[in-house]
Amino acid sequence: MNSTKNDIIMLPNPSLRTRSKRVGLVDKNIRDVVDNMSNATLDWEDSREHEVGVALAAIQMDLPLRIVIIRNDFDNKNDRTFNVFINPEIVKFEGGLIEDFEGCLSISNVYGKVPRYERVKVKAMNLSGKQIRITADGFLARIFQHEIDHTNGIVFVDHIRYNSEAFFQLQEDGHLSEIDYENNIRKNINLWQ
């Protein structure tokens, strides 16, 4: 079965607040999960003119497994391939905290400025079951932190101080603009927590 964007769950779905379970064996079922994650991410992307589906955690498909997929090339929408990280874990944070925009396939049309470390060292297992280690900088480091948070029941809005300049929305022309905090965000805060 081909998964679609409709299989991606959204806040306030309580599953997004649960810790995912470690994967013991990489078998056909796990490979099918990864295929479905990729299909859903690409279907989501195909429905968005100005956005790229850069990554997804299995819990975002209501599957409490510690699996993350990350796009191989964020700048090329024609490259529709992903790397797979099973049981990913950040073993070291490095550098300072940098605040930058983040969005999430599980929070529709909302972006926020999130502080993340500049560099992380990650250990995981690949789709062949082999242990791998990666040092990620910049945007890739941000993605790892965002997706590994998902495996621990944490969503990017949890890192944002709620105020009138914290949240943004993508406009039809592809630019971000501030969201009216009082009317559009404040009412969602309790749903997100």
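The structure is a predicted model, in which local features need pLDDT of at least 70, side-chain atom pairs count only at pLDDT 80 or more, and totals for chains, interfaces and linings use all residues. Residues are numbered from 1 along each chain as its sequence is written, and side-chain values use heavy atoms, with hydrogens and water left out.

Side chains of opposite charge can pair when their charged atoms come close. A salt bridge is defined here as a side-chain nitrogen of Lys or Arg within 4 Å of a carboxyl oxygen of Asp or Glu. Twelve salt bridges were found in a search of the whole structure.

One of these joins Arg-17 to Asp-158, with 2.5 Å between the closest N and O atoms. Helices (H or I, at least four residues) and strands (E, at least two) are DSSP runs, numbered from the N terminus. Arg-17 is partly exposed because its relative accessibility is 26%; Asp-158, at 34%, is likewise classed as partly exposed.

A salt bridge between Arg-119 and Asp-137 has an N to O distance of 2.6 Å. This pair also links distant parts of the chain, 18 residues apart, with Arg-119 in strand β4 (residues 107–125) and Asp-137 in strand β5 (residues 131–137). Arg-119 has 30% relative accessibility and therefore counts as partly exposed, as does Asp-137 at 44%.

Conventions:
Buried means under 20% relative accessible area, exposed over 50%, partly exposed in between (1.4 Å probe, protein chains only).
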